[in-house]
Each structure stands twice: as C-alpha cells, then as structure tokens.
Amino acid sequence: MKMPSTLRAAMFALAAFAGVALSSAARADEGFVQLTIYKAGWIIGGSGGGGVLNFHGRRYPLSTGGLDYGLVFGGSKTVLRGRVSNIYRPSDVAGVYGAAGAGLAVGRGARAIVLTNQKGAVLELTGQQVGLMANADLSGLAITMR
C-alpha cells in the first residue's frame with residue numbers, strides 16, 4: 001500500500017515534533033537554594049538547620065541535619081547560597097549528601113562546597129561560616145522537604 005507524500009510528510013513532522021517535546025520534558029532543570037546550618041561537636045558532631053529551595057517561581061521549605069565523625073571541635077553557623085542542578089522536580093533536592101573534608105574557622109570565614117545526592121542533584125554552594133570550628137572528618141548532610 002502506497003502512502004501519499006503529503007500524508008507521509010505530515011506524519012514525519014508529527015513524529016519529529018513529539019520527539020522534541022518528549023526530549024525537552026525529560027531535560028533536567030535547576031533552582032536556587034539557601035541553607036542555614038548550625039554545627040557543634042567534640043569528636044562526634046551534629047548539624048541541623050533549614051532553608052529554602054526556589055524552583056520554577058515557587059519556594060519550598062527545607063530542613064537539614066547531619067552527623068560528623070573524626071576530629072570535630074567547636075560550634076559554628078554557616079549560611080550557604082547557590083544553585084542546585086540536575087533536578088526534575090523539587091523533591092529531587094531531598095536526600096543524603098556526603099563529604100570528606102578538613103577546615104578551620106575562627107570568627108568569620110568563607111565556605112564553598114559542591115555536593116551530590118543519590119538522585120544526582122548537584123549543590124554548588126558558597127557562603128559565610130561564623131564561630132570556632134576545627135574539623136578533619138567524614139560528614140553527611142541530609143536535606144528533607146518540609
């Protein structure tokens with residue numbers, strides 16, 4: 001059975017349009033995050049705090065918590081701002097982010113960190129840390145949606 005060329009061209013155009021629509025719908029997006037994290041410890045430390053995700057013009061409240069193990073001493077408050085990428089929906093930000101690191105903060109200091117969770121969300125954050133904190137540890141940060 002032979003198909004008329006206009007019908008064949010229309011079907012080809014429809015298939016191409018559907019492919020473009022599906023591929024753009026499956027593309028990861030990005031948002032902006034602000035977190036305030038309070039951290040304290042002596043050998044074993046803990047952290048907690050909160051923040052907000054701005055994604056597609058909406059604000060989503062976040063909670064943070066974590067555990068540090070290693071050389072941990074002191075207490076600090078850190079305010080971080082930055083971008084979260086490789087997310088499809090706001091809930092992709094929720095998860096556990098792991099890091100190994102070392103640092104010293106006396107008074108006020110700058111922080112920059114890049115973290116990835118199990119869903120592939122990537123946090124690129126910078127900010128200020130205030131307090132007295134010395135650490136050489138393995139740490140984890142859990143972010144949940146409120």
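Is Arg 83 buried, exposed or partly exposed, and what is its relative accessible area? Arg 83 is partly exposed, at 30%, on a scale where buried means under 20% relative accessible area, exposed over 50% and partly exposed in between, taken with a 1.4 Å probe on protein chains only. The model is a predicted one, so local features need pLDDT of at least 70 and side-chain atom pairs count only at pLDDT 80 or more, while totals for chains, interfaces and linings use all residues. Residues are numbered from 1 along each chain as its sequence is written, and side-chain values use heavy atoms, with hydrogens and water left out.

Now for the charged pairs. With a salt bridge taken as a side-chain nitrogen of Lys or Arg within 4 Å of a carboxyl oxygen of Asp or Glu, the count comes to three. In one of them, Arg 83 meets Glu 30 at 2.5 Å, N to O. That pair links distant parts of the chain, with Glu 30 in strand S1 and Arg 83 in strand S2, 53 residues apart; strands here are DSSP runs (E, at least two residues), numbered from the N terminus. Arg 83 also has a salt bridge to Glu 124, at 2.9 Å, N to O. Glu 124 sits in strand S4 and Arg 83 in strand S2, so this pair ties together parts 41 residues apart in sequence. Both glutamates count as partly exposed, Glu 30 at 33% relative accessibility and Glu 124 at 32%.

Arg 89 and Asp 92 form another salt bridge, their closest N and O atoms being 3.1 Å apart. Here Arg 89 is partly exposed at 46%, whereas Asp 92 is buried at 7%. As for shared partners, salt bridges join Glu 30, Arg 83 and Glu 124 into one network.

Then there is the nonpolar core, meaning a set of buried Ala, Val, Leu, Ile, Met, Phe, Trp, Tyr and Cys residues joined through side-chain atoms within 4.5 Å. The largest one holds 18 residues, and those touching the most other members are Val 33, Leu 53, Val 84, Val 93, Tyr 97, Leu 123 and Ile 143. At least two residues of this core come from each of strands S1 (29–55), S2 (58–87), S3 (95–116) and S4 (122–145). Leaving aside residues up to four places away in sequence, Val 93 touches Leu 53, Leu 62, Val 84, Ile 87, Asn 117 and Ile 143, contact being heavy atoms within 4.5 Å.

Methods:
Helices (H or I, at least four residues) and strands (E, at least two) are DSSP runs, numbered from the N terminus.
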